[in-house]
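Take each task first, then follow the solution step by step.

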Amino acid sequence: MFWSVLLFEIKYRLQRPATYIYFGIFLLFTALVVANGGTTASEKVFHNSPASIGSFFALLGIFSILISSAVMGVPLFRDLEHNTKEYLLATPITKGAYFWGRFWGSLILLIAILTGGIFGYILGTWLGPVFDWTKPERYGPNSMINYLWPFLTILLPSIFFTACTFYGLVALMRNNKVLYTASILLFILYLLANFLVRDLDKRDLVDMLDPFALNTYSNAIKYFTPVEQNTRLVPLEGNLLLNRILWPSLGLVFLLFAYFRFSIQRFISGTSHRVRQKMTAALSPAKAALPVFTPIFSAQLNWTNLWHLGTLEFRNIIKDRYFLSIILGGIIFLFIDDWIGNLTYGVPNRPVTMNMLLFKSYNYSLFVFILIMFYAGETVHRDRATRFATIGDALPVPNWVQLGSKLMAVTGICVLLATIPMLVGITVQTFKGFFEIKFSNYLIDLYGITFWDYFQMALLAFFIHALVNNKFLGHFVGIIIWFMMFVLRNFLEYDYNLFFYSYKPEYLLSDMNGFGHFAAPLFWFNLYWTAFGFILLFLALLLWNRGSEQRLAQRWRAFRQRWGLRPGLALLAIGLIWLGSGGFIYYNVSMVNRHYTSKQMKELSADYEKKFKKYEELPQPKITAVELFADIIPAERTMTLRAVLRMENKTSTPIDSLHLLSENGQKYQISWNGHYLKPVYFDLMPRPRFSAFYPVPDTAGYRIFKLPATLLPGDSAEVVITTFRENPGFVNSGLRREIIHNGTFTSGGIPSIGYSSDMELESDEDRKKYKLPEKPDDLPPHRDPMGEKTLLFNDDADFVSFACTVSTDPDQIAVAPGYLQKEWTENGRRYFHYVLDKKTDYFFNIVSARYTIARDTFLTPDGKPINLEIYYHKDHDYNLDRMMAGMKDGLAYFNTHFGPYQFRQLRILEFPRYAVFAQSFPNTVPYSEDFGWYADFSDPNDYDYFYYVTVHELAHQWWGHQAVPNRTRGANLISESLAEYSALMVAQKRYGRDNLQRFLKYDMDRYLRGRANESKKENVFINCNRSYQWYQKGSLILYALQDYIGEEKLNGAIRGFLDSFGLKEQPPFPGSYDLYGFIQQVVPDSLQYFLEDSWLKIILYENRILEASAKSLGKDNWEVTLQVRARKLVADEKGNESEAKDMNDYIDIGIFAEELVAADGKKTVKPIYLKKHRLTNGDHTLTFQVKGKPIKAGIDPYNKLIDRIPDDNIIVVELNK
Amino acid sequence: MKIEKLVWTIANLFSFNLPFVQRKDISYRHSTRFDNSLILHALFDFAYPKSMELQINHLFKTYGNGVHALKDVTLTIPQGMFGLLGPNGAGKSTLMRTIATLQQADSGSIHLGDVDVQADPAHIRKVLGYLPQEFGVYPRISAEMMLDHIARLKGLVHRKDRQLVVDALLQKVNLWAERKRSLGTYSGGMKQRFGIAQALIGNPQLLIVDEPTAGLDPAERNRFYNLLSEIGESTIIILSTHIVEDVKTLCRRFAIICGGEVMYVGSPREAVHILDGQVWTKAIDKHLIESYRANHQVISTQLAEGKLFIRVINETHPGDGFESSAPTLEDVYFQAISSKMDLVTL
């Protein structure tokens, strides 16, 4: 019986076209993604490496929700749908055979469909090279085990879990609409895991929470180097194994539960669960003839009917329990997002309104999409689905009232969905006791911008459903359309918003700059797309399906009948609005501005390199003095910049031409000793895409100017460069953040001298496509004479003198490096004159905003006052004390340990959050709005990154501005690694060792992930060329170094280095090897191995504690026995790892007391024992006698060494009586 | 005789559609047997044109699957009750849906008075009451609310008016006691009665009821007949059914439709007279049926007391033990559709 049901199910399904369609979709989708190189593989990883295949199959697990609900939802429901109860119940079928036969039959089929992923993958690896979509070397050899292993271990458990869930749900609920809700809830779990994954402390939770193990899987492989990703089958162990057991088991338990509750009888016939309502025993009124009223048909009736039907339809939707459950899902998600927010080092932000408005575009938007697409379909098809249409369509209700009422209902849903973020946001703000609620932001954002997004989505959905005329097909078409737009934009890199329905330029709300310059493009794009949506709606109305016939030919006939003068005029009117706004957008995006596709940008880079690389070594003059005159007009977003420069020929060859490179082809005028210079132009810029009317672009940004007279060695000239920077109209995408209404922050405007390799193509894959050699990303080698003569951050100048006069609106303050000499108002504009009294590196910025200023003073040990100033947005005064403390602590520490601060003043300036970083200019530090100004540090255990970053930027006044790195391999560690180290020392002094732990943990994670995602090669630290090396690895190894040799010793070496190179105006400038030399001198012989390991090699440890037990010796004395494993690996630049020979290294062994919680909640864990032991490769048993009850113990418990698996270094001590 | 020929010829010449004159009907084949009263009746109708009638001309409809649902249907439907009789799949529902503006014919026209139904469906919907053969309801809404809703859409703007109409209708269809129950809990018969009630809202001038008595018990059926008869003579009522009895009881005029074609139009009383003296019956052995079918026009068979009674049509006595039998409307019906389908159901 069971077998015959099962076989019937399979045979039946094999006759259904849907089966083949699903299989085909999986096959094609996978093949296309793989053939286009759309896998997770970075450049040195094969697209078909075991790790990439695994990631893709984990992703397929999520996609399989759709197929799984379609396949597993129908086998039981089929009998309800086709009403087979009359004869099914008469057959002698048993419950078990019916239930399990259909389940297994469908499951086998489902698995068969998903094998389309395997075949598609293999197909993709062939198609990619054949069609030249992806180079053949990006694919490794195909081995079946690489496919089968992740299919069985990753994808199959997901399929089984969803299959059990969906099948069981239909069995229990007798309804297949419940599957939508279930799918969404499952997806929520994934999203939740996705959301929490940023917080390292919640890793175990994330690993378990994700039903599809996508996050679990990426956690498991996140430190795999390219070589490992290419060669290792991902082992099923640890959390991944638990997850892959947990979810299928849960599914099975649920299915068994459903089975025991299941009864064929009840399922097929339905229970009589509807309680008969109480009959109203009211007396019937006397029998009478039917009253006769003449119906009144007026124009007004149509409007009242519209309202009546619309409200009825709206109630129909919001009363639907699936609607309620989905919207509840959205609300819960939004609430969680709003509540937790974006964490930085695990620290939350205050619930500021602009952030409450940020999260609606996260997971919530998905719920909105589902609700609108789905319920637009529901409402369009409602009368047909309930079969009321046969009555309703014969009623005297015009088509426009029918369609209009449904649109009205869905518009109501859009308003509701746009209102929810405000309600949730205000709730979160209120619960958190935050009452600086900005209602205007809510109202403008939600009803001025967001609502229109939703409404446009609804209009498209109406059009699709009116046209397609089959609910499920309609949903499918809708999803396909959005998906295709997504694919086109993301994989094929077409992002011209005018062609992508409902797409518009991105925007970001900032407290400082409000909606700023984003308001105009959003308005025009919304007008454009809404008008287009109305055209679609209009077509939907003309094609509106009324009556019992649904054939296209009939609909077309109806269309022609409905067409006439009035519809024609209406369509013309909307069409004119659409074309008019589209024209205006086109004018702004492609005529006033230029739009390049990303492919064109790559071509441009390639052409640039091919044409101008030959000038890279060309001798050019250097700037020695800078005086700027800048006029900012914030309201117009323009800046006129006149730079008066002195240029000197510091080379030994005469120079007869000046090569300048301007950003984005910015125009400028240049005079040389009073002579106007005319450039040689290069027609490098291709015609931008979609630029039929754009005047032919002028030239490349690279221009060559013939000098009026040759500049002999040692000679100099006065050069005046005038640029007018403007931001006309609006652009297709990009924030254009530099010159804005409030919060201008720019460091550009003056063209740079000579060829710059920064504009070259970075990716070797791209370079190969454009026939350029591979780029190793290495600066000149150590001691390279040219490199030592050049500064890392700027080869246009060595040290310069600097002055700046800047004017802005009277209500704004404009700041540039230097000391304010004079401030005055002239012609309704406010002027500031700044001068630096010392020479510095050529590195300046101009900032202008409406600022409030906080001031304080720091007295140096020798009694010199240093003015401290914070320029901030008036509402962002939450953490000023932390920033001030950071400045003071930093100044104190650095003055003591490294040498005096070179300026009398230090300023930090907030700038809008369109970019998130802080940057140290001479005595001036712009600091992003989104980097801690409104963070909530109320938990004393939180890592005070606001303080830390302040100190880090302050440290750059020494590391970067005093010791200015040269242009050789690894020199950047002088700037960044030393700044990280300095800030760590200051933070440790203030907050203690335990507080740093979280930060160092993030550093370790980022370093390990950085090297895992390396697309070229990993350099040793002394040659560092990647940010994960100079920031994260730098702070880890310098922190460990000071721990090994002592803080004073290391500081002494660094000070020695600074004494030799600080404020050195003439070459040679210092490189990483110079610093290494100083440090090497202070490291004792016994630890030289450590210095070499960390600077000259790539060393990784795999230390691990296996067992810890303690035995009481009485009187609080304990004997602790630890079993530890020490392992040391050495990696090459490709990530090949091998056991290090002759390991005999100092490694911390620690035993810890109970966690202490101070009155303010600050936690500390005191070590009872902490000492470095020399350990060789292998297992060791260690025994100690300690005082105090041991709670935890570990090997390298603070993760001072770089450890491949940092989490297994500590365990809880087992206490024996 | 001469008058009859004359009328028929004129009708054919000018394509008049007189009620009893069809190009392909049995009355043509048996024209010799017309009695004079029919002719008089026709002339009477001719002389006194009706205030409003539904005029259907040469309606054709072919569905996407190739089924010819309507083939050149031409009918004139006067005020009063008009029956559409035909077997399953005859095209009755197609015809009614087309009149009710739910679909369009491929060619041909429908006029209600002066109004072209296909060109101006909105106009017809204002005077239309329609009970489809199959319909659904909003399951979570009570009958009372739903009727009120429909009344509103039908142009009863005042709440009190609607209340009166809805209350009265609920009583008329005997749903008063269950008026507060949600429609999803209604049985098939109750739902059908709800359907009748909604069709009657707003004094329709054109009432189309498709299989209205399907699923009703005899008592409710009677109640429905009474209700229909109350509506009066000034409304065009089109009622489709496959129950010959219904037509006999209710309709002044009726048409037999089969295979998308109109086989007969007339009044039930006249129809029976056509076959006067032509219906013969005989009890036979079951296995002999094929030989009888070969030799006679067998229009129906009936089993009674283990024997098979067959009815045949023949202008003269077929001999062979046949007995004469009084024609019934059913005989007319079977005779009309016998050319289209095999009626012997053994």
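**Exercise 1.** Find how many residues of chain A are in contact with chain B, and how much area is buried between the chains.

*Solution.* Start with contacts, meaning heavy atoms within 4.5 Å: 48 residues of chain A are in contact with 55 residues of chain B. This is a predicted model, where local features need pLDDT of at least 70 and side-chain atom pairs count only at pLDDT 80 or more, while totals for chains, interfaces and linings use all residues. Residues are numbered from 1 along each chain as its sequence is written, chains are lettered from A in the order in which they are written, and side-chain values use heavy atoms, leaving out hydrogens and water.

Next comes the buried area, the accessible area (1.4 Å probe) that two parts lose on being put together, summed over both. Between chain A and chain B, that's about 4600 Å², with 57% given by carbon and sulfur atoms. L290(A), F293(A) and I391(A) supply 14% of the area that chain A buries against chain B, more than any other three residues.

**Exercise 2.** Count the salt bridges and the residue pairs in polar contact between chain A and chain B.

*Solution.* For a salt bridge, look for a side-chain nitrogen of Lys or Arg within 4 Å of a carboxyl oxygen of Asp or Glu; the count between the two chains is 0. For a polar contact, look for a pair of N or O atoms within 3.5 Å, where within protein one must be able to donate a hydrogen and the other to accept it, and residues adjacent in sequence count only if both atoms are side-chain atoms. That gives 10 residue pairs between chain A and chain B, both residues at pLDDT 80 or more.

**Exercise 3.** Which residues lie nearest the centre of the largest cavity?

*Solution.* A cavity is a set of points on a 1 Å grid over the protein atoms alone where a 1.4 Å probe fits but cannot get out, and lining residues have an atom within 4 Å of a point. Grid points are joined across faces, edges and corners, and a volume is the space filled by probe spheres set on the points. There are 15 cavities of 30 Å³ or more, and the largest holds about 160 Å³. Of its 14 lining residues, L309(A), D383(A), Y138(B), H149(B) and L153(B) lie nearest the centre.

Note on methods: On a 1 Å grid over the protein atoms alone, a cavity is a set of points where a 1.4 Å probe fits but cannot get out, and a pocket is an open set with protein on both sides within 12 Å along at least five of seven lines; lining residues have an atom within 4 Å of a point.
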